[in-house]
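I opened a new page for this structure. Below are my entries, in the sequence I made them.

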Amino acid sequence: MAAFQLRLKDKSDDEIAELAAPLQRICAAHEVAFVLNDNAPLAKRLGADGVHLGQGDGDVRDARALLGPSVQIGVTCHDSRHLAMEAGEAGADYVAFGAFYPTTTKETHHRPDPSILSWWTTVFMLPCVAIGASLPRMQRH
């Protein structure tokens, strides 16, 4: 595993910081990047290796100015090639497409076709990731 993303939507910054500390130690011990979801100021406070921004979580340029050049910044782009290109132009280190599957953890309005991943990697050098979401349970026969 190259990176671990901490995503806690219903916790205060202080609660996230408390929960993040042991996870950051585990990540560091195994040379795994620790990425915080949605919150560039808290990522700075924690000394996180990266931050992942949703479309409503702030501007990539502002996050870069706050976090510096060595912190990884990723951006959710849903099913939009345009949003992904804008994120790349703004200085994102990677773009994320998805969710590709239904999930119960949040409401999703975009379901990209998986071909967007091969299109992106054919046209652009900037890495992309697939947001998978939670898969339906396997049925036993």
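I began with Gln 24 and found it in helix H1, residues 13–29. Helices here are DSSP runs of H or I with at least four residues, strands are runs of E with at least two, and both are numbered from the N terminus. I noted that this is a predicted model, where local features need pLDDT of at least 70, side-chain atom pairs count only at pLDDT 80 or more, and totals for chains, interfaces and linings use all residues. Residues are numbered from 1 along each chain as its sequence is written, and side-chain values use heavy atoms, with hydrogens and water left out.

Is Gln 24 buried or exposed? I put Gln 24 down as buried because its relative accessibility is 19%; buried means under 20% relative accessible area, exposed over 50%, and partly exposed in between, with a 1.4 Å probe and protein chains only.

Next I listed the contacts of Gln 24 (heavy atoms within 4.5 Å). Setting aside neighbours within four places in sequence, Gln 24 touches Phe 34, Leu 46, Gly 47 and Ala 48.

Then I looked up the cysteines. I found 0 disulfides in the structure, a disulfide being a pair of cysteine sulfur atoms within 2.5 Å. Cys 128 is in no disulfide, and its nearest cysteine sulfur, that of Cys 77, lies 9.7 Å away. Cys 27 counts as buried because its relative accessibility is 6%.

Last, I took the chain as a whole. I counted 5 helices and 6 strands, and along the sequence they follow the pattern β-α-β-α-β-α-β-α-β-α-β. Of the 141 residues, 36% count as buried.
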